[in-house]
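Try each task with the coordinates open, then compare your steps with the worked solution.

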Amino acid sequence: MKSAFVTWVVVGFVLLGCKESGNKSAPLNNPPTAASKHSASFNAAIDSALSGYYQLTEALVQWDSSSISSMATNIVKQLKEVDISGAKFENDSQQKEAAQYLAGLTSDIHNISTASNLEGARRRFHTASENLAQFLQFIKYDNQKLFLQECPMAFNDEETATWISAAPEIRNPYLGLHHPRYKSGMLHCGTTKTEVNYTGTK
C-alpha cells in the first residue's frame, strides 16, 4: 500500500508540473492576409507534405505503431515532389541552402520509417520536427500560420521534444492517448514554443 501511495504521489507531481508548464493559449490560426511570395505549385507540394506529417503526428498520438512506417514513407514521396525553384529567394545561394534543408528533412522522415519500435520512431520524429521547423522558417513559409510545440517530458519524464501543429491546441504525440503510466492524462501536456508565421508578408 505504501509503495502504491508513493507512486501516485509521484504521478501527481508530474501531472502538476506538466500543467504548470502548460497548455498556454495561443492566437487562433488565421488565414493569410496577403498573397504568398512562393508559387502555387510549391505551396501545394509543401501543404501536401504537411498534411502527411499531421497524419503521422496523430498516429503517434493514437499509439498506432502499425501505420507509422507507411505514413513516413508517403511523406518522403511527397517531399520529393517539392520543386525548390518554386520558392522565392533573394539569391541562388539561398535556394541551394533550402535544397539542402529539404534533402536533410527527407532523410529524417525516411529514418522514422525504419525505426524498430515506437519510442525510436518518436525520437526520430522529434529530430525531423526540429528540422522541419528550420526549413519552414528558412523558406519563410507564408501559406498559413503554424505552431512549434514542445513537450517537457517526452522521454524518461525529463527530455523535451517538439512537433509542428496547424492549431494552437496541444495534442501531444509523445505521450498521447495510451501511455502505459499516464494513459490519456498527458494528451494536452505541452506548450507552444514559437510560431512559424510569415503570413501577410511579401
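Predicted model: local features only at pLDDT ≥ 70, side-chain atom pairs only at ≥ 80, totals over all residues.

**Exercise 1. At what angle do the axes of H2 and H5 cross, and which residues meet?**

Solution. Start with the axes: those of H2 and H5 come within 12 Å and cross at roughly 150°. Here axes are lines fitted to C-alpha atoms, for helices over the stretch in contact, and angles run from 0 to 180 degrees between N-to-C directions. The crossing is left-handed, meaning that the near helix is turned anticlockwise from the far one by less than a right angle (clockwise would be right-handed).

Next, list the contacts, that is, heavy atoms within 4.5 Å. From H2 come Ile46, Leu50, Tyr53, Leu56, Thr57 and Leu60, which meet Leu118, Arg122, Phe125, Ser129, Leu132, Phe135 and Leu136 of H5. Sorted by class, this contact holds 10 nonpolar, 2 polar and 1 charged residues. (Ala, Val, Leu, Ile, Met, Phe, Trp, Tyr, Cys and Pro count as nonpolar, Asp, Glu, Lys and Arg as charged, and the others, Gly among them, as polar.)

Residues are numbered from 1 along each chain as its sequence is written, and side-chain values use heavy atoms, with hydrogens and water left out.

**Exercise 2. Check the span of H2 against its residue count.**

Solution. Helices (H or I, at least four residues) and strands (E, at least two) are DSSP runs, numbered from the N terminus. H2 covers residues 40-61, which is 22 residues. The expected span is 1.5 Å times one less than the number of residues, so H2 should span 32 Å; its end C-alpha atoms are 31 Å apart, which agrees. After H2 comes Trp63, with a positive phi near 60°.

**Exercise 3. How do H2 and H3 cross, and what classes of residue are in their contact?**

Solution. The axes of H2 and H3 (residues 65-80) come within 9 Å, crossing at roughly 165°. H2 and H3 are therefore roughly antiparallel to each other, and H2 passes H3 in a left-handed crossing. Among the H2 residues in contact are Ser48, Gly52 and Gln55, while H3 contributes residues including Ile68, Met71 and Ile75. The classes are 9 nonpolar, 4 polar and no charged residues.

**Exercise 4. At what angle do H3 and H4 pack?**

Solution. H3 and H4 (residues 92-113) pack at about 160°, and their axes are 7 Å apart. The crossing of H3 and H4 is left-handed. Their contact has 9 nonpolar, 5 polar and 1 charged residues.

**Exercise 5. In what order do the strands of the sheet lie, and which helices pack on the sheet?**

Solution. The open sheet has 3 strands in the order S2-S1-S3, with antiparallel pairing (two strands pair if DSSP finds at least two bridges between them). S2 (159-165) and S3 (191-196) stand at the edges with a single partner strand each, so one side of each lacks a neighbour in the sheet. On average, neighbouring strands are turned by 30° against each other, direction ignored. H2 packs on the sheet by touching S1 and S2, and its direction makes about 135° with that of S2. H5 (residues 118-138) also packs there, touching S1, S2 and S3, at about 55° to the direction of S2.

Terms used. Parallel < 35°, antiparallel > 145°, perpendicular 65-115°, else oblique.
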